[in-house]
Amino acid sequence: MAEDIRALIFDLDGVITDTVELHYRSWIQLAGEVGLPIPADFRDMLRGVSRRESLKRLLNGHTVDEETAQEWMRRKNMYYLAFIAFLTPEAILPGIMAILDDADRRGIKKAVASSSMNAKFVLRKLGLFDRMDAISDTSMIPRAKPEPDLFMWAAGRLGVLPSESVVFEDASDGVQAARAGGFWVVGLGDLALEKAHVRYPDLSGISLDEILKAVAALQ
Ligand code: BG6
Ligand code: MG
């Protein structure tokens, strides 16, 4: 039953805000400086994958020594920090605020589970840090998505079971992670999210009531 849902757990990049583009632009800037060609579909390749894995995908089979890898990841993050310094609540994607407000009215808890080490900073810039009951990032858990650790940590912190929680994800690794943990999953966007329980192009005009009913219909 929909009444059994006690928590919403959001991925951050590409779900709450469109930082996907900012990660992409930061890598493009680095790639230009160090003379790396940009793989086809590179923007979508970055969705939901760690900083290290993003570099690996940019290198596209080439290798660099660890010192160079660290320096390039550090430099990419500096560019990313410069971009996110300008984020404001206006960058919150359509539909999110209404869902958060409705969750509050219903007494449903809210959390963010993000692969980004910058998640807390981004949430502060968006004005959402204090609205979340829990925030997990990769500094807190041993295994990144597609393992379920980020979502399990958040659920544990909220005191809810995975089966009582709905996860919102835009990346296939994230959908896989949430499914592996036994969560209900709403997939957003047009990537390979066929494993999500419910799918929408985005959350614009989608009410929490509609989502809870769609989940309840699967139970
Ligand atoms: C994910 C993004 O949320 O975080 C990825 O979708 C990004 O694109 C990853 O690589 C890691 O982010 P950060 O900020 O720690 O480099
Ligand atoms: Mg994402």
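Predicted model: local features only at pLDDT ≥ 70, side-chain atom pairs only at ≥ 80, totals over all residues.
Okay, housekeeping. Local features here need pLDDT of at least 70 and side-chain atom pairs count only at pLDDT 80 or more, while totals for chains, interfaces and linings use all residues. Residues are numbered from 1 along each chain as written, chains are lettered from A and ligands numbered from 1 in written order, and side-chain values use heavy atoms, with hydrogens and water left out.

So, ligand 1. There are 15 residues around it (a heavy atom within 4 Å), and Asp13, Val49, Arg51, Ser116 and Asn118 come nearest. Now the polar contacts, meaning N or O pairs within 3.5 Å. Oxygen atoms of ligand 1 sit 2.7 Å from a side-chain N or O of Arg51, 2.8 Å from a polar backbone atom of Met117 and 3.3 Å from a polar side-chain atom of Ser54. And the protein covers 98% of the 390 Å² of accessible area that ligand 1 has on its own (Shrake-Rupley, 1.4 Å probe).

Next, helices, which are DSSP H or I runs of at least four residues. α5 (96-106) packs on α9 (208-216) at about 70 degrees, axes 9 Å apart, the axes being lines fitted to C-alpha atoms over the stretch in contact, with angles from 0 to 180 degrees between N-to-C directions. That makes the pair roughly perpendicular (65 to 115 degrees). On the α5 side, contact (heavy atoms within 4.5 Å) comes from Ile99, Asp102, Ala103 and Arg106, and α9 brings Leu208, Asp209, Ile211 and Leu212.

Last, the backbone. Lys145 to Pro146 is a cis peptide bond, omega near 20 degrees. Asp41, which isn't glycine, has a positive phi, near 60 degrees, and lies in the loop between α1 and α2.

Notes:
Helix = DSSP H or I, 4+ residues; strand = E, 2+ residues; numbered from the N terminus. Parallel < 35°, antiparallel > 145°, perpendicular 65-115°, else oblique. Polar contact = N/O pair within 3.5 Å; in protein donor to acceptor, adjacent residues only side chain to side chain.
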